[in-house]
Amino acid sequence: MDQKGQEYAPFDPKRAIRIYASLKKYLSLSCYKIHILGTNGKGSTGRYLALGLMQNNASVLHFSSPHILDFRERYYKNGNNISQEGLEQAHCFLQQFDFIQDCSYFEYATFLALVLAKDVDYLILEAGLGGEYDSTSCIECDLSIFTMIGKDHQEFLGKDIKDIAGTKLRAMTQLNFLALQHYNEVVEIAEQIAEQKKVTLIKIGQWHQEKYRDILDTLPENYLRDNLLNALVVLDFLKKQLPQKAYELDLRGRFEALSPSITLDVGHNIDGASEVKKALKNQKVNLIYNAYKDKDIREILTILKPNIQKIYILDIKHPRIIDKNLLCMILESLKIEYEDFKTIDTQKKYLVFGSFSVIEEFLKRYDAK
């Protein structure tokens with residue numbers, strides 16, 4: 001897997017389709033397949049859906065990405081990450097086919113999920129950063145859920161929200177659910193594509209929030225409510241029994257309270273920062289931070305600035321991480337006090353935020369302590 005390098009590069013939009021066409025006849029995929037696409041909220045929407053299906057005595061595989069500490073986190077099967085033995089068996093199955101060697105990292109991870117789903121009732125497939133050209137989009141799914149679509153990965157998906165939304169929404173299947181959106185253009189484009197494709201589009205709206213209010217109110221007021229709502233609407237559509245209170249999310253880094261003084265969030269874009277700001281309200285925190293150089297770091301920190309007491313820069317060795325001198329220049333221009341992260345003061349409140357890599361590095365240090 002490490003030899004395959006980046007998750008998508010070099011990118012070939014036809015490669016996954018070609019490989020899947022060769023692999024498909026060797027797979028046993030009689031399960032109900034649910035595709036989750038979008039910018040923010042894919043992981044927690046999928047996990048809430050998996051928890052709801054399991055509560056209805058169904059067997060489920062939830063494929064999500066990326067992982068934080070262990071590759072097996074990508075494969076959540078019936079309440080646990082897949083075992084090392086199960087992963088190895090799936091790997092050995094794929095390795096018998098010469099054509100599988102052409103896969104990128106993420107494509108290979110996707111096909112592992114298809115092997116691991118051979119004996120489940122439901123397969124929940126989370127797209128990567130893409131949509132119509134994502135490797136998960138070459139699988140014929142029964143239902144698609146589009147979570148909030150925002151500005152991220154413009155170098156792959158397009159320069160503005162219309163381009164990004166179009167790339168993702170053109171992956172529609174016959175039955176599609178559209179989550180509450182921040183941008184009106186997303187809803188308009190979704191309606192246009194659904195009409196062109198002659199497929200069903202169900203828009204999740206304010207009336208759904210009222211319908212499930214009693215369940216949603218058992219969660220704190222943060223972005224997880226919208227993602228739980230997505231799952232509840234789909235579970236209801238599938239005629240599954242709904243819970244009396246919110247499922248206990250067992251997915252790392254989703255506004256996770258690691259301790260009374262430390263919150264972890266894998267948010268890494270403008271919309272993610274806006275949702276975290278809403279959750280923080282007027283609370284001041286010390287931000288343990290770093291970010292990839294392709295992110296709009298200045299805008300993200302401008303959004304969070306009213307809630308920041310001080311930034312502690314977490315050094316990370318990663319080819320996509322912004323140059324530290326450049327990050328310091330941005331912080332100085334925004335007049336945000338900063339220093340290098342060294343240790344936790346239990347008397348202070350911290351938010352660890354910036355990317356999956358930030359959460360990974362922090363947890364490695366935290367667990368080592």
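Colleague: In which strand is aspartate 265 found?

Modeller: This is a predicted model, in which local features need pLDDT of at least 70, side-chain atom pairs count only at pLDDT 80 or more, and totals for chains, interfaces and linings use all residues. Residues are numbered from 1 along each chain as its sequence is written, and side-chain values use heavy atoms, with hydrogens and water left out. Strands are DSSP runs of E with at least two residues, and helices are runs of H or I with at least four, both numbered from the N terminus. Residues 262-265 form the strand that holds aspartate 265, namely β10.

Colleague: How far away is the nearest side chain of opposite charge to aspartate 265?

Modeller: Aspartate 265 is buried, that is, under 20% relative accessible area, where exposed is over 50% and partly exposed in between (1.4 Å probe, protein chains only). Lys and Arg count as positive and Asp and Glu as negative, with His and the chain ends not counted. Aspartate 265 has no salt bridge, which is a side-chain nitrogen of Lys or Arg within 4 Å of a carboxyl oxygen of Asp or Glu. The nearest side chain of opposite charge is that of arginine 254, at 7.1 Å.

Colleague: With which side chain does the side chain of aspartate 265 make a polar contact?

Modeller: A polar contact is a pair of N or O atoms within 3.5 Å; within protein, one must be able to donate a hydrogen and the other to accept it, and residues adjacent in sequence count only if both atoms are side-chain atoms. A polar atom of the aspartate 265 side chain lies 2.8 Å from the backbone nitrogen of phenylalanine 255. The side-chain partner, at 2.4 Å, is tyrosine 223.

Colleague: Which strands stand at the edges of the open sheet of eight strands?

Modeller: The order is β4-β3-β2-β5-β1-β6-β7-β8, with mixed pairing; two strands pair if DSSP finds at least two bridges between them. Each edge strand has a single partner, so one side of it is left without a neighbour in the sheet. The edge strands are β4 (80-81) and β8 (200-203).

Colleague: Is threonine 200 buried, partly exposed or exposed?

Modeller: Threonine 200 belongs to strand β8. Leaving out residues up to four places away in sequence, threonine 200 touches Gln174, Leu175 and Asn176, where contact means heavy atoms within 4.5 Å. Its relative accessible area is 41%, so threonine 200 is partly exposed.
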